[in-house]
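Subject: Structure handover and findings

Dear colleague,

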Amino acid sequence: MSTTKVNPTSAPKGTVKRDALYELEQKAQARWEAEKMFEVNAPGAGEPLEPKFMATFPFPYMNGLLHLGHSFSLSKVEFAVAYERMKGKRALFPFGFHVTGMPIKACADKLKKEIEMFGPDFSGYKPPAPVEEEPEAPTTPPNGVANTSVDPTKIVKKHGKAAAKNTGLTYQFQIMQSMGVPKDEIQKFADTTHWLYYFPPLAVEDLKKLGMHVDWRRSFFTTDINKYFDSFVRWQFNKLRTSTPPRVQFGERYTIYSPLDGQPCMDHDRSQGEGVGVQEYTGIKLQVLLDDLRAQPEGERDTVKGAPVGQKLTSAEVSSQIGNRKVYLVAATLRPETMYGQTNCYVGVDIPYGVYAVNDTEAWVCTERAARNMAFQGLFEEKGVIKKLATLKGWDLVGVPLSAPLSPFQKVYTLPMEGVSPTKGTGVVTSVPSDSPDDYITLMDLLKKAQYYNVEKKWIEPFLPPRPIIRTKEFGDLSAVRAVEQLKIQSQKDTKQLADAKEMVYKAGFYHGVMTVGEFAGKPVQEAKPLVRAELIKNGQAFAYCEPEGLVISRSGDECVVTLAPQWYMDYGEESWKKLAEECLAQMETFSTETRNQFEKTLDWLKQWACSRSFGLGTRLPWDPQYLIESLSDSTIYMAYYTVAHLLHGGNLDGSQPGKAGIKADQLTDEVWDYILVGGAYPSSTTIPQPTLDELRREFEYFYPLDLRCSGKDLVNNHLTFFIYNHTAIFPKEKWPKAVRSNGHLLLNGDKMSKSTGNFLTLRDAIKRYGADATRFALADAGDGVEDANFLDKTADDAILKLFTEKEWIEEVLADIQAGKLRDGEYTWNDRVFEAELAKLVGEADQAYKNMLYRETIKIAFYEMVNARGLYRKATLGEGVAGLNLGEEKFEGMHRGLVERYIELQALMLAPIAPHWAEHVWSDLLKKPDSIQRARWPTAPQPSDSAELLAAAEYVRGLGSRIRSAEDAAAKKAAKKGGKGAAAPAAEEGATKTLRLYVANSFPEWQDEAVAILRDAWDGEKKGFTGKEKEVLAKKGLMKNKAVMPFVMTMKQSVEANGSSAFDRKLPFDEVAILNLNLEFVRREVAALKVTKVDIVRKEEIKEGGDAEDVKKAEGSVPGVPTYRIL
């Protein structure tokens, strides 16, 4: 089938190399499939228990093809499993598919409607005529004067996110077409079951083409269609409900709810707003003093923008609708304890408000969004029904008198405020200027510019200065006033400073505030807050009000509300259970402090979680089958199901055929699951033979606990924390998970992946574009931390070239070996250096794999290995040396055994990341009898003198480069000065030059003295210098030498970076001996300078009175840094 949108970047540079790699990938995959390479079983009864490693990835939701985002997270598991397999463990990577919940049903329902609208082949759909957009109006006219009167009716061309979201895919059938589903097959997706049998097999196909180390026998999809998995989930929930205390409870609770779907809308049921929770407020009822308004004729009232105050509220039309009801402006507050300080309330002047009937005696004024939430919380007479009596604008409410509960004033007024949000709270803001910086500065603005804001000063002046209600140690009695003064806030437009002031004041009030007024005066705010709230609600002056923390859209396209509904819920946050979860987290490896902190914060705030709903796909609650278990709740311990799935129904995702164990799904009672998974007694009622159940138990006991779970960081706040909670509720401590690794989202070429923008790549398209190994290479290189990673088209494209080029080199050098062109025998010094470097890189790659740092692994196992090989070839073959006539040189050549060892090591080190390439090198080129998938991680013991060899090699290799750079710099400097003081005189054509190196046996005395002083001033425990070193240097007279301070600064930096070992400056090798071994190498390195000979002169042999230039040059030489002269 065709695939989803292809990333709009240039095509790979030719396809010959990619296709060649693709062929060897197919060959390797066919071999692995035939040999059942990744099928892993527990040791049989009586067999020794080898080390094991089990890792999983959250099963993807199957309403489409897998994309690179999935691939990035699962690649972490893939690389880890392949590495642990090489370390001698039975490494298991099972992979399942999630189809529980609303997304598939919502899509299927949309298709049903579209089939009714357009027919089964959608031929009735007629694309809308394209709308021609006018050019964007210029923000500044040609004359340079800003245009302050832009025509609001003009169509402006859309940019950025707004334009990006306009994909033209209005209907579900269009989305299906964009995913590559043939048009004549789309109608089948109106049946939810078709999704389950369509996309999971495609995912298996794609993952096999990526070369995943997955045991596919253990795969399954969720829901009650798979009766085996269904029985497992029912057992899990029965265990949770019957535990002590019960972990599943029933009761009324606030939850995000879709009125259209008629059920709670949990995270995975949402198209927008995943992670958004319930925000609980106190709704404050400020009574509109309608009698006061009506008692005053309109002609005698104050006016707002030319209209009498409250004109619309007291109009005959609105009055007839309101009837005898009392009318309240209702404000949502998080700080009910501050109601003692109310001086007014605010509205947004352009916000539409409604007057909504609560019952026959009350009507509330708020936004329609708030009224919708209230209706579903049972605050109105009929739940879910909104009765709107009138529509008002904010201006209709300005100046309206109110009675505010707990306020010291009998009457307060409604005032305008900038920035009131219609999508947060009720659109009505009660004002407490003593303890709210926003309220205070707005009140001061209105007072200063009363005419501009269309308000009367008499609505403000009597209420100032604010009345103190809370005392804090940070700000005293009037926290808001003091904070505004401290931050020098001038108006409502100082939004950043106001946000800072708000945070400061709210924290001070909550943590350190003490009430100074009211019934609870003297109590800390933390104690008084719930007491004040309860008293207000008891007296009918307030009510509990909730709404979503942000916009939540269900998969059906419905804007969700908060409802108070009876439902089954997971009792997360219950104290004893929370302690178990915290204990589990404490012993888990999280690979980063950021992930651990995120878990800890989630455990702090996570509370009850609705686990049931009425519609969708899934497993039904065993004790209350009218409800389905929601999609995040049936996916918390399914990793345990992997351990036995292959025996129950191996080879089919839906459990339609029994597996090797010959067990039928209806035989899997709770008692049977207890025996398999939690050490229960063999059930006397079962017809399953005990040896059969013992085999299942053995699989679970061997592979559990889970060693590693990898996921995107966005799942820490829900799924991964649920995962911890549920494991602690059901399994003993020795079966709790050992590690979780979270990663950031995957960017594509530096931008967020998005179907709407076209910057999107499915896994299927990536494999077609780059091949499997190049895709894996780029995934490994994309990033390792919790910050967002970046998959680069260029990295994948370059990987094709690099892997192909390396393959070609290996083929060529093996042909040379076959032809006897490489030497054997004792290792030379260059051989031993290369051997030491290979051993070092093997160790570093081992550590990188162990720490799951795959970008670092790529750097070591590929780039640094290739670089080490290049340096070896340079030393033994002269390759890559500028200015050298290779035909006139003699080289020792490469060692056959060492080159073969390099090829073996590179293949083994890259096998987890580029397994197909490694398999080709191992099996086809090196002719190894068994697959590299059965090979072990290489052992490469370091030579006893490894440190000396590596230090000496670095010294020798750097010498020529340092001399060339110095000569280049001297030549450029001389050229700038008109040729004066050139580095070395130009040689006549054919003339030869000699490089004279001056080597020192010891450091200058003043350096040794300075180092001794620094050593005495170093505090090893505090990892720093005492600061007395400068004084001691001066006393010793060393400061007179201008070279001392630069040397001291460099030395201090080295010690601070490397510790006290930096004080030991003794070279680990004999400098003269190493130079004598490598004179020819050094000569070749400076061949571009026409050097044909290298002399070594000891600094100590240069006598005063001898050649002045020799004396001058030798003076600067120190051990490890020889000076030189070209003659």
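Among the contacts in the protein chain with a separation of 6 or more, 76% are accounted for by residues 24 or more positions apart, where contact means heavy atoms within 4.5 Å. This is a predicted model, in which local features need pLDDT of at least 70 and side-chain atom pairs count only at pLDDT 80 or more, whereas totals for chains, interfaces and linings use all residues. Residues are numbered from 1 along each chain as its sequence is written, and side-chain values use heavy atoms, with hydrogens and water left out.

The protein chain has 34 helices and 34 strands, which are DSSP runs numbered from the N terminus (helices H or I, at least four residues; strands E, at least two). Its C-alpha trace spans about 115 × 85 × 65 Å along the principal axes. Of the 1127 residues in the protein chain, 53% are buried, and here buried means under 20% relative accessible area, exposed over 50%, and partly exposed in between, with a 1.4 Å probe and protein chains only.

From the record, an unreviewed UniProt entry carries the annotation "domain: Aminoacyl-tRNA synthetase class Ia" over residues 29-110 and 193-790; such positions are given in the numbering used here, feature names are shortened, and annotations may be inferred rather than shown by experiment. Over residues 29-110 the chain is 40% helix and 10% strand, with 39 Å between the end C-alpha atoms, while over residues 193-790 the chain is 33% helix and 20% strand, with 36 Å between the end C-alpha atoms.

On charged pairs, the structure holds 72 salt bridges, each being a side-chain nitrogen of Lys or Arg within 4 Å of a carboxyl oxygen of Asp or Glu. Side chains of opposite charge can pair when their charged atoms come close. One of these salt bridges joins Lys 507 to Glu 503, with the closest N and O atoms 3.1 Å apart; because the two residues are four apart in helix H13 (residues 495-512), Lys 507 and Glu 503 are separated by about one helical turn. Lys 507 is partly exposed at a relative accessible area of 45%, and Glu 503 likewise counts as partly exposed at 45%.

Another salt bridge pairs Asp 788 with Lys 713, the closest N and O atoms being 3.9 Å apart. That pair links distant parts of the chain, 75 residues apart, with Asp 788 in the loop between helix H22 (772-781) and strand S29 (789-791) and Lys 713 in the loop between strand S25 (708-712) and helix H20 (716-730). Asp 788 is partly exposed at 39%, as is Lys 713 at 25%.

Lys 874 and Glu 1085 also meet through their side chains in a salt bridge (3.1 Å, N to O). This pair again links distant parts of the chain, Lys 874 lying in helix H25 (residues 854-877) and Glu 1085 in helix H33 (residues 1079-1085), 211 residues apart. Here Lys 874 is buried at 19% relative accessible area, and Glu 1085 counts as buried at 6%.

Arg 1125 lies in strand S34 (residues 1123-1126) and counts as buried at 17% relative accessibility. Its side chain makes a polar contact of 2.9 Å with the side chain of Asp 1110, a polar contact being a pair of N or O atoms within 3.5 Å; within protein, one must be able to donate a hydrogen and the other to accept it, and residues adjacent in sequence count only if both atoms are side-chain atoms. Leaving aside residues up to four places away in sequence, Arg 1125 touches residues including Thr 994, Tyr 998 and Glu 1109.

In helix H12 (residues 479-486), the buried residues are Ser 479, Ala 480, Val 481, Ala 483 and Val 484, and what covers them includes helix H11 (437-448) and H13. Just after H12, Lys 488 takes a positive phi of about 55 degrees.

Best regards
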